[in-house]
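Here is a short briefing on one protein model. Look at the sequence and the 3D view before reading on.

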Amino acid sequence: MTQHPFYLAYGVLLLGLLGVAEYRGWSLLGVNEVKDVPRTVRDNPGAYRSHFRSFPRYIGGK
Amino acid sequence: MSAGPPPPRGLNCPTCGAAVPLRGLEHTQTVVCVQCLSVLDSTDPNLRVLQQFHGRERILPLIPLGTRGKLHGDPYDVIGFQERTILVDDLPYCWHEYVLFNPFKGFRYLTQYNGHWNDVKPVKAAPGFTSAGGKKAVQMLGQTYVHFQSAVAETTYVMGEFPWQARVGDQAAVQDFIAPPLMLSAEITPPPPAPAGAASETVWSLGEYIPGARVWEAFRPPGAPPPAVGTFANQPSPYQGRVRSMWVACLVLLLVLLNLGLLLSNWMSQEEVFSQQYSFSPLAPGETSFVTSVFELKGRPSNVEIEIHTDLSNNWAYFQFALINEATGQAWDFGREVSYFFGRSDGGWSEGRSGDRSIIPTVPAGRYYLRVEPEMDKGKPSMNYRLRVRRDVPAYSFFLIAALLLAVPPVFLSLRSIGFERARWQESDYAPSGSDDSDDEEDD
């Protein structure tokens with residue numbers, strides 16, 4: 001272990017970053033954060049239009 | 001640097017009259033006049049001329065003859081120099097040998113090829129032959145030396161004194177066996193097939209790779225040591241021992257990572273805050289989107305996991321989600337596709353999964369609900385699905401990424417080590433056929 005101080009530091013940094021990511025609840029999911037969604041959405045869900053642009057839909061099968 | 005060498009015994013060249021110093025005392029059998037390059041028999045009182053060679057360019061030894069240096073704590077004089085050449089695929093490869101002499105320690109040699117130096121001493125015992133890794137090998141004092149190269153070496157230039165009858169044109173079959181940084185070499189004279197009635201002699205020598213800087217430190221010749229080009233047969237790998245120890249360090253860090261994962265799995269709340277079963281028919285009229293009941297997310301800002309379990313079969317569905325804070329109106333918008341297809345052609349196959357798991361990052365505490373908008377192919381049957389929401393869950397993808405990133409340095413070092421060894425063996429008798437000379441590989 002002592003032969004590779006830089007690798008050790010790199011490993012500790014990675015593990016530390018992982019701990020922070022888990023504590024802060026980071027995620028790789030692509031999401032759009034939207035402010036001030038009207039309260040009427042609860043009564044009329046169809047009135048809300050998503051801001052999220054998804055990838056082309058898979059229509060599947062071999 | 002020790003005190004200067006004592007004045008050598010002086011003779012004069014019978015050809016040109018130049019002074020010919022004899023530093024090797026009675027051990028010198030051949031001396032070559034540095035002025036006219038006459039090869040003289042120093043055992044003959046009249047200095048009989050054994051050979052004269054002209055018409056070729058003079059070679060200036062990097063360490064001038066007569067230089068005294070200290071090697072292994074003992075003073076040595078550089079008394080002789082020769083160039084030897086082997087032909088590989090009709091291409092000449094030359095290296096230089098320096099004869100070193102200490103009246104109490106005897107002879108040893110320095111060899112130099114492309115800036116790579118070896119400190120060579122004769123070996124009295126003959127090693128035993130064996131094999132290692134499918135290659136010919138020899139064993140001596142518990143060390144196995146693997147065969148590297150066999151060739152016929154020809155002496156192409158001589159200068160100074162030699163403890164043998166040296167002549168330009170002398171030939172010897174050389175076999176090199178390596179255990180870096182050591183090299184055990186056999187010289188068989190005359191090279192096989194020996195002339196009828198001639199007894200062949202095998203002389204073994206043991207070389208140790210030394211950096212040019214150490215030679216310069218020992219003998220302090222003018223200039224700087226030439227840079228080492230390429231990878232030499234017994235050059236110690238700069239990665240030797242480091243690859244293994246780095247993999248051990250990687251294993252330790254992976255174990256720490258595993259323990260961290262277990263620790264976080266126990267520590268994180270993973271509280272289920274919502275779970276509900278639904279069904280969706282693509283042919284049902286009206287608005288497809290709906291909102292769930294309100295659920296509470298507690299604690300520090302952390303992630304929220306949304307799991308979808310469907311009964312899809314050879315079908316797909318798309319879910320548009322919005323996690324909405326009831327009080328602030330802040331929303332996290334995202335879409336997920338679930339598809340699961342399978343068949344029996346080509347021995348059975350399947351693609352995708354009937355469920356999905358997604359993690360929304362860093363959501364503050366509060367009361368939330370989900371807006372869900374499912375979508376399906378209209379020609380397909382309806383689906384049943386369950387939505388499950390959990391708070392503060394471990395994101396295992398980060399563990400996978402961390403494990404891969406931890407493995408990058410040892411993998412890189414291993415590839416460098418493999419590349420170094422490949423460059424080493426490229427110069428051997430075991431190089432892949434048709435491979436090029438790898439001198440472009442710089443010394444590390």
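**A buried glutamine**

Gln82(B) is found in strand S7 of chain B; strands (E, at least two residues) and helices (H or I, at least four) are DSSP runs, numbered from the N terminus. This is a predicted model: local features need pLDDT of at least 70, side-chain atom pairs count only at pLDDT 80 or more, and totals for chains, interfaces and linings use all residues. Residues are numbered from 1 along each chain as its sequence is written, chains are lettered from A and ligands numbered from 1 in the order in which they are written, and side-chain values use heavy atoms, with hydrogens and water left out.

- Gln82(B) is buried, with a relative accessible area of 2%.
- Buried means under 20% relative accessible area, exposed over 50%, and partly exposed in between (1.4 Å probe, protein chains only).
- Gln82(B) touches Trp95(B), His96(B), Glu97(B), Thr155(B), Tyr157(B), Val158(B), Phe162(B) and Trp164(B), not counting residues up to four places away in sequence. Contact means heavy atoms within 4.5 Å.

**Nonpolar cores**

- The largest nonpolar core has 31 residues. Such a core is a set of buried Ala, Val, Leu, Ile, Met, Phe, Trp, Tyr and Cys residues joined through side-chain atoms within 4.5 Å.
- Strands S7 (74-88), S8 (91-102), S9 (106-113), S10 (116-123) and S13 (143-162) and helix H1 (212-219) of chain B each give two or more residues to this core.
- Ile63(B) is among the residues with the most contacts inside the core. Its partners include Val78(B), Tyr98(B), Leu110(B) and Trp117(B).
- Another core, of 29 residues, lies apart from the largest one; among its members are Val273(B), Phe280(B), Tyr368(B) and Leu387(B).

**Two packed helices**

- The axes of helix H2 (residues 242-267) and helix H3 (residues 396-426) of chain B come within 9 Å and cross at roughly 175 degrees.
- That crossing makes H2(B) roughly antiparallel to H3(B), a label for angles over 145 degrees. Axes are lines fitted to C-alpha atoms, for helices over the stretch in contact, and angles run from 0 to 180 degrees between N-to-C directions.
- The residues of this contact divide into 19 nonpolar, four polar and one charged. Ala, Val, Leu, Ile, Met, Phe, Trp, Tyr, Cys and Pro count as nonpolar, Asp, Glu, Lys and Arg as charged, and the others, Gly among them, as polar.

**An open sheet**

- Four strands of chain B form an open sheet in the order S17-S26-S20-S24, with antiparallel pairing. Two strands pair if DSSP finds at least two bridges between them.
- Strands S17 (271-280) and S24 (355-363) of chain B stand at the edges with a single partner strand each, so one side of each is left without a neighbour in the sheet.
- Strands S20 (residues 302-310) and S26 (residues 383-391) of chain B pair over seven bridges. Thr310(B) has Tyr385(B) in S26(B) as its bridge partner.

- The peptide bond from Pro180(B) to Pro181(B) is cis, with omega near 10 degrees. Pro181(B) sits in the loop between strands S14 (171-179) and S15 (182-189) of chain B.
- A cis peptide bond also joins Thr189(B) and Pro190(B), with omega about -10 degrees.
- Asp90(B) is not a glycine, yet has a positive phi of about 65 degrees. Asp90(B) lies in the loop between S7 and S8 of chain B and is exposed, with a relative accessible area of 70%.

Terms used. Parallel < 35°, antiparallel > 145°, perpendicular 65-115°, else oblique.
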